[in-house]
Amino acid sequence: MPALSRRLKGELRNLDTEYVQCRTRRHRMVDVPFTGHPGAKWQPSKSVTVLAQRCERCSVIREEIWNSYTGAIITVQYKYPKGYKLDRDIKPVDIRKEFLDRQLNVANAILLKL
Ligand SMILES: [Zn+2]
């Protein structure tokens with residue numbers, strides 16, 4: 001596995017903790033009403049059902065677009081909060097390593113206080 005460049009390491013190090021948690025431990029989704037947004041490709045209609053969810057931790061919005069007649073999922077789209085997206089060269093394993101490093105830092109901080 002090639003090591004991350006200093007720039008990508010820095011990008012990962014600066015990622016909000018909530019984003020690191022969601023990217024490694026999954027989102028905490030709750031159902032929310034679909035509010036629509038300008039330029040949305042899909043809107044609720046007789047034949048289209050839009051089901052929206054929002055992550056309680058990072059605020060990402062997930063919208064499932066269903067065919068109202070068949071129940072088939074037409075597509076799923078996400079709206080990410082500012083700063084959530086990472087360079088594509090940063091892989092999931094890199095984010096898990098960052099998660100572990102932060103866990104270790106918290107554990108060390110607790111030990112130093114004892
Ligand atoms: Zn999340």
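E1 and E2 run antiparallel and are joined by 4 bridges, where helices (H or I, at least four residues) and strands (E, at least two) are DSSP runs numbered from the N terminus, and two strands count as paired if DSSP finds at least two bridges between them. This is a predicted model, in which local features need pLDDT of at least 70 and side-chain atom pairs count only at pLDDT 80 or more, while totals for chains, interfaces and linings use all residues. Residues are numbered from 1 along each chain as its sequence is written.

The strands belong to an open sheet of 4 strands with antiparallel pairing, in the order E1-E2-E3-E4. E1 and strand E4 (73-79) stand at the edges with a single partner strand each, so one side of each is left without a neighbour in the sheet. Neighbouring strands of this sheet are turned against each other by 25 degrees on average, direction ignored, with axes taken as lines fitted to C-alpha atoms, for helices over the stretch in contact, and angles running from 0 to 180 degrees between N-to-C directions.

In helix H2 (residues 17-25), Tyr-19, Cys-22 and Arg-23 are buried, a residue being buried if 20 or more other C-beta atoms, placed from the backbone, lie within 10 Å of its own, exposed if 12 or fewer do, and partly exposed in between. These residues cover an arc of only 95 degrees around the axis, which puts them on the same side of H2; the arc is that of the directions from the helix axis to the C-beta atoms. Just after H2, Arg-26 takes a positive phi of about 80 degrees.

Of the 22 residues of H3, the number buried is 1, so this helix lies largely in the open. Its end C-alpha atoms are 32 Å apart, which agrees with the 32 Å that 22 residues should span at 1.5 Å a residue, the expected span being 1.5 Å times one less than the number of residues.

As for confidence, the mean pLDDT of the protein is 92, and 98% of its residues reach 70 or more, on the predictor's scale from 0 to 100 for each residue. Among the elements, H3 has the lowest mean pLDDT (90) and strand E1 (residues 29-32) the highest (98).
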